[in-house]
Amino acid sequence: MSGRDAVNGAESLVHTLLGCGVEVCFANPGTSEMHFVAALDRIPGMKCVLGLQENVVTGMADGYWRMTGKPAATLLHCGPGLANGLSNLHNARRARSGIVNCVGDQATYHRPFDAPLTADTEGWARGVSHWLRTSTKAKDVGADAAAAVQAARTAPGQIATLVLPSDTCWDEGGVVAAPLPVPVAQQADPLAVRNAARILREKKNVLILLGGTALREGAQALAWRAAQATGAKLLAEGSNGRVQRGQGRLPLERVPYPADVAIKALEWVEHIILVNSRGPVGFFAYPGKPSLHYPATAEVHVLTRYEQDAEAALRALCDELGAPAVPMPDVGARPEAARGAPTPEGLARTVAALMPEEAIIADESVSFGRGFYSETFAAPKHDWLHITGGAIGCGLPLATGAAIGGGGRRVINLQADGSAMYTVQALWTQARERLPVTTVILSNRKYQILLGEYQNVGANPGRTAMDMLDLGNPDIGWVKMAEAMGVEAAQATTLDQVGDLMAQSFARPTPFLIELVI
């Protein structure tokens, strides 16, 4: 290319991303990415959102995908910047979110000199990436970016990482690439549909386990038809990227997290039909307890894998069964806000009583929130986003990205205090972007979940161990911390107070943080 049509590698990258439908870039750039930053400045159309730490950046991209089904780009600074973001890329991979990571790197000719930021960037990326490539010439950057977007958008959603040595961005000779076709979600094998129908007709004690896109409203209604026609039971996987819940939707319980509770809850199961899910396994191994939480004698049948179209498969299953349309179950009246001392059930009822229609719940409540589900079935329609990979520090960035992708919907972040400290910088981005996020910090001033895990492995914590699980001495000043980042905040010690503060925050278009002392 020459004249006004000539572009460098970074410009070809931005033009290609925009042409492929990537509209948002979550960024924490450094020196090696300055030509990409300059291209973003010159080329209109890309919304750029700054995060103050890379794990905030990757978590925001995860939340954005969960609400839009469209990949965002991340801009990360060399191998160490990518490494900072690995934890929430792990969660995003478990959520099956599509993300295009653009990672700067040393110039190709500079790399042999082993400068201080030189790292095994591809090695760090490999564990969280479904697709990985390093561009080596400016003329390849556009084509590589188009391939990365294609990979990210491949069902059910994939992590694509494109490593960009700085000379591939500043060199001239970039070529803008056209979008590549995105494969449609695969259809279920007709034999799998017929086998599932046979199991449902002929066998007893059958569990239909839903995950992924099977937890969207249309698929839920079809799963309910199949269950009602055959007497099967329905459950959701324990951790899910996005569940559509509330009035008019299924009051689905999840597979419990605690090993003993899960094993007890599933002891009746003789057959499991998997719909975009996997057989329940323990989050961890525990002495003397099985890794599989369903009976060893149970037979497992796959209706759809994660990359297959769950709703189409469930519709075909209902047709095969001749299952008639049935009304969704009555979940009862919307609860009233609770009063008095904070309890998990009371907080859940208060959230259900006060949340706006079509709210988004970003849930990193960890141990305090295990009972939230049953108390929120009768809430208005809403989406619930879980921590999917167990890597704490996802809640605040997830809420931030969900708000950017949510089209103005109110986001409620139910957030454990210890986890929040991993990515507290997300509050600054919420303030900068003026996002409608209400954060409820569950301030028990300890790593409560680890106290439970200590018991689960049969250990008895002494003073040294207890000190490592304690977040007091000094207490974290959440109100002051939020205010320092531009987010209005207040403390609550009762459910009456937290309800009043939530209601006030829902009437504003800007972020608000509530420290609920529990």
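The conversation below takes up the sheet, then a pair of helices, then some backbone angles.

Tutor: Keep in mind that this is a predicted model, in which local features need pLDDT of at least 70 and side-chain atom pairs count only at pLDDT 80 or more, while totals for chains, interfaces and linings use all residues. Residues are numbered from 1 along each chain as its sequence is written, and side-chain values use heavy atoms, with hydrogens and water left out.

Student: What makes strand 3 largely enclosed by the rest of the structure?

Tutor: Buried means under 20% relative accessible area, exposed over 50%, and partly exposed in between, with a 1.4 Å probe and protein chains only. Five of the five residues of strand 3, residues 72-76, are buried, so the strand is largely enclosed. Strands here are DSSP runs of E with at least two residues, helices are runs of H or I with at least four, and both are numbered from the N terminus.

Student: Which residues of strand 3 point one way, and which the other way?

Tutor: Ala 72, Thr 74 and Leu 76 point one way, Ala 73 and Leu 75 the other way, and all are buried. In a regular strand the side chains alternate between the two faces of the sheet.

Student: Why are strand 2 and strand 5 said to stand at the edges?

Tutor: The open sheet has six strands in the order 2-1-3-4-6-5, with parallel pairing. Strand 2 (47-50) and strand 5 (131-134) each have a single partner strand, so one side of each is left without a neighbour in the sheet.

Student: Why are helix 3 and helix 5 called roughly parallel?

Tutor: Axes are lines fitted to C-alpha atoms, for helices over the stretch in contact, and angles run from 0 to 180 degrees between N-to-C directions. Angles under 35 degrees count as roughly parallel, over 145 as roughly antiparallel, 65 to 115 as roughly perpendicular and the rest as oblique. The axes of helix 3 and helix 5 come within 7 Å and cross at roughly 20 degrees, and the two helices are therefore roughly parallel to each other.

Student: What makes Arg 96 partly exposed, and what is its phi?

Tutor: Its relative accessibility is 21%, so Arg 96 counts as partly exposed. Arg 96, in the loop between helix 5 (86-95) and strand 4, has a positive phi of about 60 degrees although it is not a glycine. Most residues other than glycine have a negative phi, and most peptide bonds are trans.

Student: How do you know that Val 366 is partly exposed?

Tutor: Val 366 has 25% relative accessibility and therefore counts as partly exposed. Val 366 is found in the loop between strand 12 (359-364) and helix 14 (372-375), and its phi is near 55 degrees, a positive value in a residue other than glycine.

Student: Which residues does the cis peptide bond join?

Tutor: The cis peptide bond joins Ala 155 and Pro 156, with omega about 0 degrees, and Pro 156 is placed in the loop between helix 7 (138-152) and strand 6.

Methods: Two strands pair if DSSP finds at least two bridges between them.
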